[in-house]
Amino acid sequence: MGLEKVKNEIYRCFRCGYCREMIRDLTNTYLVCPIREELRFEHYDCRGRIAIAKAILEGNLEYSDKLVELVYMDLGCGLCKEVCPMFDWAKVDFPRVIKAWRQEIVEKGLGPLPVLKEINELTEKYGNPFGKSKDEMIRWRKGNPIPTKGETLYFAGCYASYRQPEIAKSTVNLLTKIGTPFAMMNDEQCCGTPQIWNGQTDLAGKLAINNVKAIQEAGAKKVLTTCPGCYLAFKQDYPEYVKINFEVQHITEFLEELVDKKSIEFNELNKTVTYHDPCHLGRFARIFEQPRKIIENIPGVKFIEMLRNKENAWCCGSGVVVAPAFPELSFEIAEKRIKEAMDTGAEILVTACPSCVTQLDIAAKKSKAKIEVIDIVELVERQIKK
Ligand code: SF4
Ligand code: SF4
């Protein structure tokens, strides 16, 4: 269906331009769109892109290679939707537009971009976007056998399994320390987030059906994720393809409940800490307070917000498709986020997403920033009283 499906979003835009700049106070303004902040032209921000989408819908513009590239050069971060001045129900949902637009491009045989096509092929063949074997997925669990069936299932996702195994390990250690019985599957498949965002929705649907079937066979009533991408796919995208009969929780929701009940206590940490809101966890799932509550419960921590935080947080630059397709642009955005974190004086930058950790950690090292980038489960596992 493509753009036709999101026509109502496109025609609701009255070109006010709020999605170009945000005013913090009388003296302080900043650009809303990270891509436009880097590349400066109107066609990179939401208002410009909406005008292009409208021209295509009305038959006044033809697709070209440049135009296809432009459609993929978008983070889908949702900050433009956040600042759109309409009532909540009427805000122009640009991430919804970009997903439908890419779907149209794939249906017309014009996309995705070659590097994203390769990711889809690897996912179809190996069940993960990195083309790794199943053995590699469970390598970090060797010597620590975990049941494969149980009522609570930790779904680690591809990033934590293959790129950031420390996050998966910390989660397993943490659940063990807390005394929560849990299971993990030995043959997890990608949640389908890359395909949901690169337009290959037929593959996303297959992955959704396979994952839900496997989770049901594992006997899970609750699925815990450490990846906001997996979380959002289960909660918001899977219902389009398959019925879900289990609860899905992000680890920050789970841990916040324990903090609330005073079921966990922390050792002191005399450090300054800031927090980066992953777009898919913050703006998309409205999980803003839980991670902050967890961090602020650690005695000794001095918590400082970055200039752009919570619903106004700056994307890490990964944007599911931007990091693999436009790595330089992606890291320029990440380096800006690192600078914001450094401006707080923080020694530790905490986030709650294996993909954001990867992106921000590389950017911190590239810019020689003296800040440790870690996931919230790593912080909690380090500080929890045994
Ligand atoms: S979703 Fe993010 S990257 Fe895309 S137009 Fe909106 S602010 Fe820019
Ligand atoms: S803020 Fe909303 S209405 Fe205004 S230009 Fe952007 S998308 Fe259109």
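At roughly what angle do the axes of helix 10 and helix 19 cross, and within what distance do they come? I will start there, after a word on conventions. This is a predicted model, in which local features need pLDDT of at least 70, side-chain atom pairs count only at pLDDT 80 or more, and totals for chains, interfaces and linings use all residues. Side-chain values use heavy atoms, with hydrogens and water left out, residues are numbered from 1 along each chain as its sequence is written, and chains are lettered from A and ligands numbered from 1 in the order in which they are written.

Now to the helices, which, like strands, are DSSP runs numbered from the N terminus (helices are H or I with at least four residues, strands E with at least two). The axes of helix 10, residues 165–178, and helix 19, residues 376–383, come within 9 Å and cross at roughly 45°, where axes are lines fitted to C-alpha atoms, for helices over the stretch in contact, and angles run from 0 to 180 degrees between N-to-C directions. That angle makes helix 10 oblique to helix 19, given that angles under 35 degrees count as roughly parallel, over 145 as roughly antiparallel, 65 to 115 as roughly perpendicular and the rest as oblique. Helix 10 also meets helix 14, residues 251–260, with axes that come within 13 Å and cross at roughly 25°, and therefore helix 10 is roughly parallel to helix 14.

Next, the pockets. On a 1 Å grid over the protein atoms alone, a pocket is an open set of points where a 1.4 Å probe fits, with protein on both sides within 12 Å along at least five of seven lines, and lining residues have an atom within 4 Å of a point. The largest pocket has a volume of about 780 Å³, a volume being the space filled by probe spheres set on the points, which are joined across faces, edges and corners. Of the 39 residues that line the largest pocket, Y159, S318, V320, P324 and S355 are the closest to its centre, and helix 18 gives the largest share of the lining, five residues. By class, this lining holds 27 nonpolar, ten polar and two charged residues, where Ala, Val, Leu, Ile, Met, Phe, Trp, Tyr, Cys and Pro count as nonpolar, Asp, Glu, Lys and Arg as charged, and the others, Gly among them, as polar.

The second largest pocket has a volume of about 590 Å³. Its lining numbers 24 residues, with D93, P95, R96, K99 and Q236 the closest to its centre, and helix 6 supplies the largest share, five residues. The classes here are eight nonpolar, four polar and twelve charged.

Turning to the ligands, the residues around ligand 1 (those with a heavy atom within 4 Å of it) are C33, I35, C46, D74, L75, G76, C77, G78, C80 and F94; seven are nonpolar, two polar and one charged. Around ligand 2 we find C13, F14, R15, C16, G17, Y18, C19, C46, R47, C84, P85 and V92, a shell of nine nonpolar, one polar and two charged residues. R15 has a phi near 60°, a positive value in a residue other than glycine, and R15 sits in the loop between helix 1 (7–12) and strand 1 (21–23).

Finally, the backbone at P112, which lies in the loop between helix 6 and helix 7: the peptide bond from G111 to P112 is cis, with omega near 5°.
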